[in-house]
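Trainee: Please take me through one part of this model closely. I would like a connected account that I can follow on screen.

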Amino acid sequence: MTHRRQAVRGLAAALAALVALTAAGCSSKAKTGDGKQTGAGGVKTGEGVTDKTIALGALTDMTGVYATLGKSVTQAQQLYVKQVNAAGGICGRQLELTVRDHGYDPQKALAAYTELEPKVVGYTQFIGSPFVAAVKPRVDGQDKGLVLPQAWSASLLGSPYIRVLGATYDVETINAVDFLLKEKGLKSGDKLGHVYFEGDYGENALKGSKYAAGKAGLTVVEQKIKPTDNDMSAQVSALKQAGVKAVVISAGPRQAASLVGVAAATGLKVPVVGNNSAFAPQLLGTQAGPALEKMYWFASPSLPIGADTPTAKKLVADYKAAYPSDSLDNGIVAGWTAASVFGEALKKACTDKDLTREGVDKALLSMKAHDAGFGMTHDLGDPKAPSSRQSVIIQPDKSVPGGMRTVRMPFVAEAAQSYTP
């Protein structure tokens, strides 16, 4: 009963915050109007843009369940801004990136969005599918500022302003199950375990595993968890009793490490594959490290940070120089990719002499073959579709730069090609 009361209080608090957010948003718009004007060089400007600066926001998690990811994403984006500014900026203006850490708390996330919304042209990151989904009606209805979420839920599709970079969780999970079928011995008639966060992220991934299971003749054994659940002993016990032959995990790095570590220790030695946010190479230094290297893989919307591409090599060198005490992970790739997409949209908007939010959004829609240098080409022209359906399968390996090696290059499963997110 205590857990139930806490859950109800948490939900009520989140809803109250959302109501306050909507009210604040309406009042701020009433005060500022559309904010459009013609600035230096005959370029139209609006919220977040002056003759000298372009203000961007980052709503991240540096202290909660995705703290490792949030730190890497944010530092990569700060590095991008520093380098762009050193080269003269964009449209004769310096970029300014304001970061707010919400700690994966809904109230803090929504409050941070409210604070920054009148001050920025858009957001280079917003971690947390549930939080992005909560502000989506407002973004689409009145704010219209570009949001590039570090979230891949299919519920975020359909907006010309909130653009998912890479495969959505359901498509990514279909690709992950295809990997288990093609390369890890999973076959028709088997049981597939799926451990997933309650809410937008996990339940969207579950749709993918169920769709793939239906196509392949598998039975999905579900285990729903909360972001605050860090010990996966009960889930492993249930999956072992059910006789699963493989497991998908759609949760955070801590949960993945616990799942794999406990499974190895208790004899459930089956392949485990995670979604892109369910791994951090820092885990290789924990007790679960050896088990992760032997029985864990994860799907990714890009090649890893240690990829053999010119962009990856330069980014590794630059990031090491800027943050010598920090390790390399795929959050760096995700952050850099999103920042470069936003930067390219700003450059196109400048060419069109329209740096208003509407101008930046329009510029993004014209980007139908953006190559960020990590193996994927992104088509941002259709708001109803993810920018890519491809996934890369990566295996933890502490001997490789960034602790990750590619075991399956970019691909789209046959089931994923016919699936509608």
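Which residues of helix 10 are buried?

Mentor: In helix 10, the buried residues are Ala312, Leu315, Val316 and Tyr319. Seen around the axis, they cover an arc of only 105 degrees, which puts them on the same side of helix 10. (The arc is taken from the directions that run from the helix axis to the C-beta atoms.) Buried means under 20% relative accessible area, exposed means over 50%, and partly exposed lies in between (1.4 Å probe, protein chains only). Helices here are DSSP runs of H or I with at least four residues, strands are E runs of at least two, and both are numbered from the N terminus.

A word on the source. This is a predicted model: local features need pLDDT of at least 70, side-chain atom pairs count only at pLDDT 80 or more, and totals for chains, interfaces and linings use all residues. Residues are numbered from 1 along each chain as its sequence is written, and side-chain values use heavy atoms, without hydrogens or water.

Pro310, Lys313 and Ala321 are exposed on its other side. Helix 10 has 13 residues, which should span 18 Å at 1.5 Å a residue, and its end C-alpha atoms agree, being 18 Å apart. (The expected span is 1.5 Å times one less than the number of residues.)

What covers the buried side? The cover of the buried residues of helix 10 includes helix 2 and helix 11, residues 330-351. Take helix 2 next. Helix 2 runs over residues 67-86, helix 10 over residues 310-322, and their axes come within 11 Å and cross at roughly 95 degrees. On the helix 2 side, the contact is made by Ser72, Gln75, Ala76, Leu79 and Gln83, and on the helix 10 side by Lys314, Leu315, Asp318, Tyr319 and Ala322. By type, the residues of this contact divide into five nonpolar, three polar and two charged.

Some terms there need cut-offs. Axes are lines fitted to C-alpha atoms, for helices over the stretch in contact, with angles from 0 to 180 degrees between N-to-C directions. Contact means heavy atoms within 4.5 Å. Ala, Val, Leu, Ile, Met, Phe, Trp, Tyr, Cys and Pro are nonpolar, Asp, Glu, Lys and Arg charged, and the others, Gly among them, polar.

Pick out Gln75 in helix 2. Gln75 counts as buried, at 11% relative accessibility. Set aside its neighbours within four places in sequence, and Gln75 is in contact with Tyr319, Tyr323 and Asp326. Tyr319 is also one of the buried residues of helix 10. Asn85 lies in helix 2 too. Asn85 is buried, with a relative accessible area of 16%. Beyond neighbours within four places in sequence, Asn85 is in contact with Gln94 and Leu95.

Follow the chain past helix 11. Lys353 sits in the loop between helix 11 and helix 12, residues 357-365. Its phi is near 55 degrees, a positive value in a residue other than glycine. Most residues other than glycine have a negative phi. Lys353 is partly exposed, with a relative accessible area of 44%. Lys144 has a positive phi as well, about 60 degrees, and is not a glycine. Lys144 is found in the loop between helix 4 (129-143) and strand 6 (146-147). Lys144 is partly exposed, at a relative accessible area of 22%.

Just after helix 7, Gly243 takes a positive phi of about 80 degrees.
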